[in-house]
Amino acid sequence: MDPWSWILLMFCGVLSCEAQVIPSFTLNPQGGVFGSGTSVTLRCAASGSVSFLVWIQNDLVTTPPVFGGTLTIASLTAAMSGSYRCLAVGTGGINVTSSVALVQIVGIEGESVYSIDSMNPTELTVNSSQPFVTQACGNFTNVTGAITYAWTIPPDNPIPVSHQTVSLLDGSLFLQFPNANNNGKTYKCKATVTAPSGSQQVKVGYLRISVAPQGEATSVLIVQPQSLVVNPGETAQFLCASAGGSSPPSVSWMYQTVSGTTTNIQSNAYLDFSHMDIVVTTVNAGNQGIYTCTSQTGISYSSTLIVRSRPVIDASNSLAITPVSFLYGVAFTLSCNASGNELTWLWYHNGMRLSGTSGRALVVPSPTLDDSGIYQCFAYNPFSNVSATGNISVQTLPATFTNGTALSNTIAFIGQRFQFTCKAQGAPAPTYRWYKDGVVLSSSTTISVDVIGGTFTINSVDATFAGNYTCVATNQNSDRNLVFGSVSSSANLIAIGATIITQSLPADLSIQVGDRVSLPCLATSAQNTQLVYNWTKDGVPLSVTGGLSYTGAGGGITISSVRMSDAGLYQCTVYTLLLSSMYPPVSLRTNYTRITVSDTPVSPVITRLAVLSGTALSVTWTYSGLPAKLNFFLVQVMALGSGIWTNSSTISQNSVTMTMVGSLTPFTAYMVQVVAVLNDGTFVGSKVSTTMTLQAAPMEAPSGLLATPIGASSLQLTWKVMCISARVVSLNDWAWRCLNDITPQVYCTNECLYNAKCMSKES
């Protein structure tokens, strides 16, 4: 409970407070520094739906509580120091606090409540090339009271304008581009601290300036404007100061509106251009934009002015529609789409603040009947606030079965998995209980009962599972003490021998227009059952017309002459009917077969070409044509550049789609293709694939290595080498090169074997 909740409970019941408009303070208390033993009066005032005002000290209600807009404290003591706020309690339980008033208590006159530790050095040497110089008046600590500063020419004469000095708010002396007027001059700083009791302490320091001539100085910005957020009607002031350069310091201002229009600020009538600062009086939304201050040297700084706007509830606010109904247990979201800047949102339900809600959306994840009632949204910023109210109703729906979700008599195959599904709808969502022959069921190693999803599963059916099953769907509250509705459905289960598909569809087929194709579908079933076969093409029941007929055992179909329109996805479904009862049939589906039809014969497709050695490789391919049309496969190879295809392998078994190719030449590029030879003598070849065999190894290692010195830093190596019996790779590989007087730098050949002077590529 927050610190002020007990106050709210004193003046209104939790459910009897009706939230209205958030209170808004028109007068905030003002703090200050006060002497010990004196008295102080703090005042506040608020508008709106205010029940009463009460005062808070250091986040606790004052003791005793002080009500009303005036708090008077007599004979101040140190214990009374701290923060004071005024709490406005709304008639609807909406609490708003004023700004903080800080009250500081200091000792009686004569007590040491402040000190000036030291003054700054009395000598300062500067260069005329410096754009500006600042010098603090002194170091001040533990100061309680007001400090004022005064810089003069001793004894107490004003500093001439020609000295180009400014006394800053922090007491520092600001000297602009030092020159001869400052050289040798002494400046006096007087710091005066005034205690709350009126007593004063004064300290004086002196500063002597010596100016050393240097190069030309550059103008810089020493005070940069800061971005502001203000309320309409207030005053906004942007500060900007420049120093240095060869002429008196100055800045220029530009103003860019929200729409992007740029204006010279000195010619803008509603802005007061005073020296180097900009003052915008009686601010309104039209003053928003970017204010840019630029020095003589072109250095710029920009600041932004934002004017707070009164929040406005958007027309899409869901709370504007009342009443609104939502279902029990189904999450809903309320939105408070207010426009404005610096917005904060508060949500209330039946006059009580909803904790953890501070955004424009309120989500109720699992509503119950307790979530019905009046919802209020407050959108506010430091300028104003707006609210919206909605009457929300959470409703229940009794459990009912949706179309086709009640149980019906059915057949289960022995040895197979079976599942009953019972689906009811309602709010809240129903839960389920299952019974067999009147006995409640629960999950075990053989069955699974899903009380949430409404399914009952038998892992492996046997004859003992035959019987009458009942599903009961009930929806009730979370405490299970209030039932909103209950429905039930029953059905008989018969366990019989399983129907088994013994002959299913082949893999996908690619066939030619005019071919004859047969798709088998055959199943066996238990006694006293009948099997019915049904075919679909692309999910649509297939009619046995137009050259398509059932053929062979079971429910296979044959297309006597394939057309282009026969391409598609085929599936066979086997229905098992129990002859002695009116039980609905049980369906069993086969796999799919996709038939692709083309105007040309189907070609093999090489899927993998693997090099095994310098003389062998393997070829793998696929073939989706009709097996009945295929005679055999022929694998052909051709050395690149030879122009002669060689029949390497003949594969008569049409189910074999891989072979080895041998007796090849090492390190040779080969082209490979697979040819399907059809029964009518047609040759259909695959696309050509290319690969290269591996390099063969040398038959002997080099021998007779001899090193002969050549000069002071080189050796010539000679040896006897056995060249390989196949071509070598290239000069970029580790091949040996023969060097002799006749044909230098040629590949090793039999002619230079044993009598050649050979070198490696590194020699």
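1. Cysteine 471 counts as buried, at 0% relative accessibility (buried means under 20% relative accessible area with a 1.4 Å probe, protein chains only). Its partner is cysteine 422, and the two sulfur atoms of this disulfide are 2.1 Å apart (a disulfide is a pair of cysteine sulfur atoms within 2.5 Å). Cysteine 422 is likewise buried, at 0% relative accessibility.

2. A word on the basis: this is a predicted model, in which local features need pLDDT of at least 70 and side-chain atom pairs count only at pLDDT 80 or more, while totals for chains, interfaces and linings use all residues. Residues are numbered from 1 along each chain as its sequence is written, and side-chain values use heavy atoms, with hydrogens and water left out.

3. The S-S torsion of cysteine 422 and cysteine 471 is about -80°, so this disulfide is left-handed. The pair links distant parts of the chain, 49 residues apart.

4. The structure holds four disulfides. Another of them joins cysteine 521 and cysteine 572, with sulfur atoms 2.0 Å apart. Its torsion is about -75°, so this disulfide too is left-handed. Both cysteine 521 and cysteine 572 are buried.

5. Cysteine 44 and cysteine 86 also form a disulfide, with 2.2 Å between their sulfur atoms. The two cysteines lie 42 residues apart and link distant parts of the chain. Cysteine 44 is buried at 6% relative accessibility, and cysteine 86 is buried at 0%.

How values were computed: Helices (H or I, at least four residues) and strands (E, at least two) are DSSP runs, numbered from the N terminus. Buried means under 20% relative accessible area, exposed over 50%, partly exposed in between (1.4 Å probe, protein chains only).
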